[in-house]
Amino acid sequence: MMDRILMDRENRYNTILELIEKYNLPVVCGKLNYPGIEKNTKHSELAFDVLLSLLNSEYRTFSIHSKMLKGFDGSSVIFVVDMEPKVAKEIAMSIENGHELGRLFDIDIYTKGGESLGREKLNLSSRKCLICNEDARICMRLNRHDIEEIINAANTLIESFGEKNGN
Ligand SMILES: [Zn+2]
C-alpha cells in the first residue's frame, strides 16, 4: 500500500514537471494532507470536495489547463496558471491558514525545475499539529501521537465542518 502511495506521488510529480515544461507556467497542485495509509475514505472525499471548490473559485480564472488525479494517494487537482508564482502561493497560504479545514489542505505551487515554493522560503511558520498545535513536522519525526488518534482528530474536524455546512 505504502509503495503504491509513493508511486502515485512520483507519477503526480512527473505529471507536474511535464505540464510546467509544456506550458512554461507555474502549476498549482491541491490535495489533502490526510493521515494514515488509507487515503480514500468518506471523510477524505468530503474534505477534498471542499478543497476542490475553493481552488476552483480562486484559480479557475487564471487556469489554462487543469487535471484531476485519483489513486492510492487520494485525489488531487492540478491547475496550470498564468499568474505570478508568489501570488499563487499567497492565495494557497491564505486558504491553508484561514480555512477551518486548512490544516488538512496541501496546496503547492511548482515552478520551472519542479521546485515548490515552501513555507520556509516565504518565512512563514510551518503547519501546526492537529493534536497538540506544535510544529507538525516535529510531531511526525518524533512519532509523538498514535496514528489512530491523528486520523480521529482529522475525521472529527471534517465532521464538525460538514455538520455546520449542511453535509
Ligand atoms: Zn503534535
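Author: Start with the elements. Helices (H or I, at least four residues) and strands (E, at least two) are DSSP runs, numbered from the N terminus. Asparagine 155, for example, is found in helix H5. This is a predicted model: local features need pLDDT of at least 70, side-chain atom pairs count only at pLDDT 80 or more, and totals for chains, interfaces and linings use all residues. Residues are numbered from 1 along each chain as its sequence is written, and side-chain values use heavy atoms, with hydrogens and water left out.

Reader: How many helices and strands does the protein have, and in what order do the elements run?

Author: Five helices and four strands. From the N terminus the order is α-β-α-β-β-α-β-α-α.

Reader: What makes the radius of gyration of the protein agree with a compact globule?

Author: The radius is taken over C-alpha atoms, and the globule rule is 2.2 Å times the number of residues to the power 0.38. For 167 residues, a compact globule would come out near 15 Å; the protein has 16 Å, so the two agree. The C-alpha trace spans about 40 × 35 × 30 Å along its principal axes.

Reader: Why is methionine 93 called buried?

Author: Buried means under 20% relative accessible area, exposed means over 50%, and partly exposed lies in between (1.4 Å probe, protein chains only). Methionine 93 has 5% relative accessibility, so it counts as buried. This residue lies in helix H3, residues 85-98. Across the protein, buried residues make up 43% of the 167.

Reader: Why is asparagine 155 called buried?

Author: Its relative accessible area is 13%, so asparagine 155 is buried. Leaving out residues up to four places away in sequence, asparagine 155 touches Tyr34 and His43. Touching, or contact, means heavy atoms within 4.5 Å.

Reader: Why does aspartate 106 count as buried, and what is it in contact with?

Author: Aspartate 106 has a relative accessible area of 16%, so the word is buried. Aspartate 106 lies in strand S4. Beyond its neighbours within four places in sequence, its contacts include Cys29, Lys31, Glu96 and Arg127.

Reader: Why is asparagine 133 called partly exposed?

Author: Its relative accessible area is 44%, so asparagine 133 is partly exposed. Asparagine 133 is found in the loop between S4 and helix H4 (136-142). Asparagine 133 has a positive phi too, about 70°, although it is not a glycine.

Reader: What makes a set of residues a nonpolar core?

Author: The members are buried Ala, Val, Leu, Ile, Met, Phe, Trp, Tyr and Cys residues, joined through side-chain atoms within 4.5 Å. In soluble globular proteins, nonpolar side chains tend to be buried together. Here the largest core has 27 residues, and Val28, Leu55, Tyr59, Leu101 and Ile107 touch the most other members. Strand S1 (27-32), helix H2 (42-59), strand S3 (74-81), H3, strand S4 (105-110) and helix H5 (147-164) each supply at least two residues of this core. H2 gives the most, with seven residues.

A second, separate core has nine residues, including Ile16, Leu19, Ile20 and Tyr110.

Reader: What is leucine 55 in contact with?

Author: Leaving aside neighbours within four places in sequence, leucine 55 is in contact with Gly30, Arg60, Val77, Phe79, Ile95 and Ile107.

Reader: Why is isoleucine 16 called buried, and what does it touch?

Author: Isoleucine 16 has 1% relative accessibility, so it counts as buried. Isoleucine 16 is in helix H1. Not counting residues up to four places away in sequence, isoleucine 16 touches Val27, Cys29, Ile78 and Tyr110.

Reader: What share of the contacts between residues at least 6 apart in sequence join residues at least 24 apart?

Author: In this protein, 64% of them do.
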